[in-house]
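Welcome, and thanks for taking a look at this one with us. Have the sequence and the 3D view open as you read, and let us walk through the fold and a handful of its residues.

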Amino acid sequence: MKRSRIGLSFIALAAAGALALSGCTSGGGTTEGGGESSAAIITTNGSEPESGLIASDTNEVGGGKILDAIFSGLYYYAADGTPVLEAAESVDTDDSKVFTIKLKADQKFSNGDPVDSDSFVNAWNDAAKLSNARKNSSWFSNIEGFSDTEDAALTGLKVIDETTFEVTLKSPQSDFPLQLGYSGFYPAPKSAFDAEGNITKEFGQNPIGNGPYKVADDGWTHKVKIDLVKNDEYKGDREAKNGGVTVTFYDSQDAAYADLLGGNLDVLDQLPETAFATYKEDLGDRSLNQPAAIFQSFTIPERLEHFAGEEGKLRRAAISHAINREQITDKIFAGTRTIAHDFSSPVINGYTEDLAGAAVLEYDPKKAKELWAQADAIAPWTGSFQIAYNADGGHQGWVDAVSNDIKNNLGIEASGAPNPLFGDFRDEITNRSIQTAFRSGWQGDYPGLNNFLEPLYKTGASANDGDYTNPEVDALLAAGLQEADVDAANAKFHEAEEILFKDLPAIPLWYQNVVGGFSENVDNVTIGWNSVPLYYEITKK
């Protein structure tokens, strides 16, 4: 699930298990690259990239997984989401508006082209150019010169010398450096561009990167697999400890799991739901289950009767205390979810479990009844409580369980409200015709706390589907973006979260886990913050 701010925040959640897998059976190794033998090739699952491998035009998991292996950005993200300088030697700013980026010297793409200031500036201008219609163009919208109405150069980009360039934003943004590890900001070699300065479609089919791997000669068999081999030109921290990675595009997760159990696949980063009951027994200490950058909740708009003002705050808190999150994650999800402690994710920079007000997420039926009674003293409850969801996304089990908790602990009628199709469900939310609470959530675009807050809770924000508004929250989010460093910014964002615990515009439920496994043939398997294994660390036995 590539970190696309548009769509994936909800589309990924609609799929209940998330990876769109297509293709065939497990592929073999290759002897190309660094003199490594085929025995050192790691095999893993993946999906056919949607539209080639142009970094600025890829926002889905199949392509993103490959791009992160064959390109090196200004930063890379460590397993826990911490940004680490990679192609950049430094990223400096005095005001969170003008950034000076210094590149490490003598870096090269796999074809020998230099990784220089032009390789970033030209790639970013291509990404932002309206007529190119790159899927990741919105990531550049805060750079001076960006236009969504006409072709325009990013005037905020200035090449100082071969290894130094300057970025001027339209408004301060303290987490801008944190975004720079995202694949949309990757560079491109001179050979990628046509005479008009646009990256060609041909380059997308034969990408040349600057990362720890490169695509093997004739290595991409569409809808079957792609062979990546070690890139000897790469000199960064992510140097591959194996000879390469073969990414096989499977027809189904069940087929991939069968290959894993049979020893024909080394690493699988998404197990089929049919394996949830047995995978720990099947794999033992080779099983993987850890939180990912996916936050899940349900939203109760203030426009609903009984949910405005002080009455609404009391009822939201009562509902939150009425939900036994631990039992649901255990019984419904077989432990493949982690109960929520905040509004973000444990793999996000700035995540903490020590926020004031977080106790509202604790299961406390007695407290729930008391709060509901206080709300009834303001205005007696009438009607029933419903949570809308798309029936084509596998949500009925948890919605029914949450509804039963609310019904049993508050003594009211509560149930799910299924909509057959995800598209129709989203249409009702978008046009504000929905008259119930509804499932919601967010998948991180980058491992930054603000990314889980501003798009959902800032007044008028694009994903603020509950129309929540609080001037204090808006002010704190804005203040955080104007801080000089991420730690100071996160302190402001934490203050905003503490207000959210009082208002509860969305009821936090749990974080979705990445559930996978690996074979007896490999060691050193670690899953990153974005649910993707760190392939460069894996070693073959």
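Is Ser 96 buried or exposed? Ser 96 is buried, because its relative accessible area is 1%. Please keep in mind that the model is a predicted one.

## The chain as a whole

Let us step back to the overall picture. The protein chain holds 15 helices and 19 strands. Its radius of gyration is 24 Å, close to the 24 Å that the globule rule gives for 541 residues, so the chain is as compact as a globular protein of that length. Along the principal axes, the C-alpha atoms fill a box of roughly 75 × 55 × 40 Å.

Of the 541 residues in the protein chain, 60% are buried. Taking contacts with a separation of 6 or more, 71% are between residues 24 or more positions apart. The accessible surface of the chain is about 20600 Å², and carbon and sulfur atoms contribute 47% of that area. As for charge, there are 43 positive and 81 negative side chains. The centres of these two sets lie 1 Å apart.

## Two residues with positive phi

Back to Ser 96, which sits in the loop between β4 (88-93) and β5 (98-103). The phi angle of Ser 96 is positive, near 60°, in a residue other than glycine.

Asp 218 also has a positive phi, about 55°, although it is not a glycine. You will find Asp 218 in strand β8, which covers residues 213-221. With 79% relative accessibility, Asp 218 counts as exposed, because the cut-off for that class is over 50%.

## The loop between α3 and β6

Two residues are worth a visit here. Asp 151 is found in the loop between α3 (117-128) and β6 (157-161), and Asn 136 has its place in the loop between α3 and β6 too. Asp 151 is partly exposed, at 40% relative accessibility, while Asn 136 is buried, with a relative accessible area of 1%.

What does Asp 151 contact, leaving aside its neighbours within four places in sequence? The partners are Lys 129, Leu 130 and Ser 131. The side chain of Asp 151 reaches the backbone nitrogen of Leu 130 at 3.2 Å, and a polar atom of that side chain lies 2.7 Å from the backbone nitrogen of Ser 131.

Not counting residues up to four places away in sequence, Asn 136 touches Ala 55, Ser 56, Asp 57, Thr 58, Asn 59, Tyr 182 and Gly 184. With Thr 58 there is a polar pairing as well: the side chain of Asn 136 reaches the backbone oxygen of Thr 58 at 2.9 Å.

## Gln 173 and its partners

Gln 173 lies in the loop between β7 (164-168) and α4 (176-179). Its relative accessible area is 12%, so Gln 173 is buried, the cut-off being under 20%. Beyond its neighbours within four places in sequence, Gln 173 is in contact with Ser 96, Phe 99, Asn 142, Gln 179 and Leu 481. That list brings us back to Ser 96, the residue of the opening question.

Where is Ser 110 placed? Ser 110 is in the loop between β5 and α3, and it is partly exposed, with a relative accessible area of 22%. Its contacts, leaving aside neighbours within four places in sequence, are with Ile 208, Gly 209, Lys 214, Asn 231 and Glu 233. Ser 110 and Val 98 are 12 residues apart in sequence, and their C-alpha atoms are 31 Å apart in space.

Pro 272 counts as buried, at 2% relative accessibility. Not counting residues up to four places away in sequence, Pro 272 touches Gln 253, Asp 254 and Tyr 257. Pro 272 and His 222 are 50 residues apart along the chain, and their C-alpha atoms are separated by 23 Å.

Conventions
Residues are numbered from 1 along each chain as its sequence is written. This is a predicted model: local features need pLDDT of at least 70, side-chain atom pairs count only at pLDDT 80 or more; totals for chains, interfaces and linings use all residues. Side-chain values use heavy atoms; hydrogens and water are left out. Helices (H or I, at least four residues) and strands (E, at least two) are DSSP runs, numbered from the N terminus. The radius of gyration is taken over C-alpha atoms; the globule rule is 2.2 Å times the number of residues to the power 0.38. Buried means under 20% relative accessible area, exposed over 50%, partly exposed in between (1.4 Å probe, protein chains only). Contact means heavy atoms within 4.5 Å. Accessible areas come from the Shrake-Rupley method with a 1.4 Å probe; for residues, only the protein chains shown count as cover. Lys and Arg count as positive and Asp and Glu as negative; His and the chain ends are not counted. The place of a charge is taken as NZ of Lys, CZ of Arg, CG of Asp or CD of Glu. A polar contact is a pair of N or O atoms within 3.5 Å; within protein, one must be able to donate a hydrogen and the other to accept it, and residues adjacent in sequence count only if both atoms are side-chain atoms.
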